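Colleague: I am new to reading structures. Could you take me through one, feature by feature?

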Amino acid sequence: EDPKDPGGYFIVNGSERAVVTMEEIAPNKIILERIDNIEDRHAKAIVTSIKSGFRARITLEYKKPRKSGVFLRISFPYVPGEIPLVILLRALGLCTDGEIISKISEDFNFQMYIADDLQVSEKDLKLDSDERLSLSKEERDEYLQKAAIKYIGNRGAKGMTEEYRIKRAEDVIDRYLLPHMGIESDKRYDKAIYLAEMTEML
């Protein structure tokens with residue numbers, strides 16, 4: 001035998017077979033990654049959600065904005081670019097500011113970052129504050145959720161009718177966001193809690 005031969009193969013019925021190693025990303029697990037130095041405060045949380053052979057990579061990025069912008073942005077399949085995390089959480093059913101903040105963290109320092117994001121994201125949603133004040137709590141929650149779904153629909157189906165954009169946004173959220181948790185619309189709240197926990201880890 002050659003002492004320099006690395007091996008890794010064997011003979012089966014007279015034919016040479018090789019063992020090939022493969023590297024796979026851990027499915028349905030949150031992987032945290034720091035980018036650059038600690039002082040830069042730039043990090044990512046990535047989860048590769050796999051269901052029935054379909055892979056959806058969800059990336060949550062925390063980055064200190066250069067000017068006035070959001071700290072937390074998320075990207076997932078069939079929605080171009082990144083969207084503010086708090087808008088997605090509203091679309092998933094965490095409608096009020098208090099709900100979003102308390103589900104993400106009990107730590108006051110973390111809550112301040114989220115509060116900043118909430119203010120900036122309200123401008124992105126172009127919410128009518130006078131209209132919101134005249135609504136009951138249930139109507140207000142529904143109004144905020146609908147505004148967030150419209151925002152996602154505008155990103156995923158620009159130029160289409162409003163009805164189609166809303167339908168498309170709901171379809172994308174249900175089928176392509178964390179599909180391993182389920183693709184039914186009643187799983188949206190569970191997905192929101194998962195993303196809130198992912199945010200606290202990040």
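Colleague: Leaving aside its neighbours within four places in sequence, which residues is Gly81 in contact with?

Modeller: First, a caution: this is a predicted model. To read a contact, look for heavy atoms within 4.5 Å. Setting aside neighbours up to four places off in sequence, Gly81 is in contact with Ile74, Ser75 and Arg155. Gly81 itself sits in the loop between β6 and β7.

Colleague: How many residues apart in sequence are Gly81 and Arg155, and how far apart in space?

Modeller: Keep the two kinds of distance separate. Along the chain, Gly81 and Arg155 are 74 residues apart. In space, their C-alpha atoms are 8.5 Å apart.

Colleague: And what are the two distances for Phe54 and Asp141?

Modeller: That pair is 87 residues apart in sequence. From C-alpha to C-alpha, Phe54 and Asp141 are 32 Å apart in space.

Colleague: Where does Phe54 lie, and which residues does Phe54 touch?

Modeller: Phe54 belongs to strand β5, residues 54–63. Not counting residues up to four places away in sequence, Phe54 touches Ser49, Arg175, Tyr176 and Pro179. Its relative accessibility is 29%, so Phe54 counts as partly exposed.

Colleague: Now the helices. At what angle do the axes of α5 and α6 cross?

Modeller: For two helices, read the distance and the angle between axes. Helix α5 covers residues 137–156, and helix α6 covers residues 162–176. Their axes come within 8 Å and cross at roughly 95°. Angles of 65 to 115 degrees count as roughly perpendicular. Therefore α5 and α6 are roughly perpendicular to each other.

Colleague: Which residues make the contact?

Modeller: From α5 come Ile149, Lys150, Ile152, Gly153 and Asn154. From α6 come Glu162, Arg165, Ile166, Ala169, Glu170 and Ile173. By class, the residues of this contact are five nonpolar, two polar and four charged.

Colleague: What about backbone angles? Is Leu178 buried or exposed?

Modeller: Take phi, then accessibility. Leu178 is not a glycine, yet it has a positive phi of about 50°. Leu178 lies in the loop between α6 and α7. Buried means under 20% relative accessible area, so Leu178, at 0%, counts as buried.

Colleague: What phi does Tyr78 have, and where is Tyr78 found?

Modeller: Tyr78 has a positive phi of about 70°, although it is not a glycine. Look for Tyr78 in the loop between β6 (72–75) and β7 (83–84). With a relative accessible area of 47%, Tyr78 is partly exposed.

Colleague: Last, the largest pocket. What is its volume, and how many residues line it?

Modeller: The largest pocket has a volume of about 420 Å³. Its lining has 18 residues, with Ala43, Tyr62, Phe110, Met201 and Leu202 nearest the centre. The elements giving two or more residues to this lining are β3 (30–35), β4 (42–51), α3 (108–125) and α7 (188–201). The lining divides into 11 nonpolar, three polar and four charged residues.

Conventions
Residues numbered from 1 in each chain as written. Predicted model: local features only at pLDDT ≥ 70, side-chain atom pairs only at ≥ 80, totals over all residues. Heavy atoms only, no water. Axes fitted to C-alpha atoms, helices over the stretch in contact; angles between N-to-C directions. Helix = DSSP H or I, 4+ residues; strand = E, 2+ residues; numbered from the N terminus. Parallel < 35°, antiparallel > 145°, perpendicular 65-115°, else oblique. Nonpolar A, V, L, I, M, F, W, Y, C, P; charged D, E, K, R; others polar. 1 Å grid on protein atoms, 1.4 Å probe; cavity = no way out; pocket = protein on both sides within 12 Å on 5 of 7 lines; lining within 4 Å. Points joined across faces, edges and corners; volume = space filled by probe spheres on them. Buried < 20%, exposed > 50% of the residue type's maximum accessible area, 1.4 Å probe, protein only.
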